[in-house]
Amino acid sequence: MKKIIGWLDDHFEEALMICLLAVISCVIMLQVIMRYFFNSAMAWPEELSRYCFVWSGLLSAGYCIRNGNAIKLDIVTSILPHKLARALEYLGKVLVLLTYGFFFYQSIALVEQTIAAKSLSTALRVPLQYVYASCLVEFGIGTLRQLEDLIRNIHGDLSHKEAAPTGEEEKSL
């Protein structure tokens, strides 16, 4: 069970994005074949591809946070003193965490509104709350991933301070 949870922690967003991009590729290929070989275009492939694209695009934010590829101001922090650069980095992480948390909270209301409206998509006739749930899921994952990243950085900084040699130990080395 621990291996499964570890694998999901490392590859959850990546696996979902691969599946969604595979669906997009297959559905668009089907549409191309139907349109150009059978002269019969269908309405639902474009809509399904668009919804899969939205889901994969939003999932990529959590994936980027998990892998340390989120937007950073490296050029600014590279010219600052180390302590100030670390403080600015933490401030950025906290601001991103608060932003994701706010968007997660707001996406709850968005999904509730689409459930109440009972809106359906045009071609697939799928309830739109499943499309808008992408915001809820992604901002939830983004909030958790950013919190995880912040805790990992704090824990890493604390463990580096504990492992750093004191002045007496440096003299003996």
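Student: Which backbone oxygen lies 2.7 Å from a polar atom of the side chain of Ser134?

Tutor: A polar contact is a pair of N or O atoms within 3.5 Å; within protein, one must be able to donate a hydrogen and the other to accept it, and residues adjacent in sequence count only if both atoms are side-chain atoms. Here the oxygen belongs to the backbone of Val131. This is a predicted model, in which local features need pLDDT of at least 70 and side-chain atom pairs count only at pLDDT 80 or more, while totals for chains, interfaces and linings use all residues. Residues are numbered from 1 along each chain as its sequence is written, and side-chain values use heavy atoms, with hydrogens and water left out.

Student: Is Ser134 buried or exposed?

Tutor: Buried means under 20% relative accessible area, exposed over 50%, and partly exposed in between (1.4 Å probe, protein chains only). Ser134 has a relative accessible area of 2%, so it is buried. Its place is in helix 5, residues 129-163; helices (H or I, at least four residues) are DSSP runs, numbered from the N terminus.

Student: Which residues does Ser134 touch, not counting those up to four places away in sequence?

Tutor: Contact means heavy atoms within 4.5 Å. With that sequence limit, Ser134 touches Val54, Trp55 and Leu58.

Student: How is the packing of two helices described?

Tutor: Two packed helices are described by the angle between their axes and the distance between the axes. Axes are lines fitted to C-alpha atoms, for helices over the stretch in contact, and angles run from 0 to 180 degrees between N-to-C directions. For helix 1 (residues 2-37) and helix 2 (residues 44-66), the axes come within 9 Å and cross at roughly 160 degrees. Helix 1 is therefore roughly antiparallel to helix 2, a label for angles over 145 degrees.

Student: Where is Cys52, and which residues does Cys52 touch?

Tutor: Cys52 is in helix 2 and is buried, at 8% relative accessible area. Leaving out residues up to four places away in sequence, Cys52 touches Leu20, Val23 and Ile24. Between Cys52 and Val23 the C-alpha to C-alpha distance is 7.6 Å, although 29 residues separate them in sequence.

Student: How far apart are Leu97 and Leu147 in space?

Tutor: Their C-alpha atoms are 6.5 Å apart, with a sequence separation of 50 residues. Leu97 is found in helix 4, residues 82-117, and counts as buried at 17% relative accessibility. Beyond four places in sequence, Leu97 touches Thr143, Gln146, Leu147 and Leu150.

Notes. Helices (H or I, at least four residues) and strands (E, at least two) are DSSP runs, numbered from the N terminus. Angles under 35 degrees count as roughly parallel, over 145 as roughly antiparallel, 65 to 115 as roughly perpendicular and the rest as oblique.
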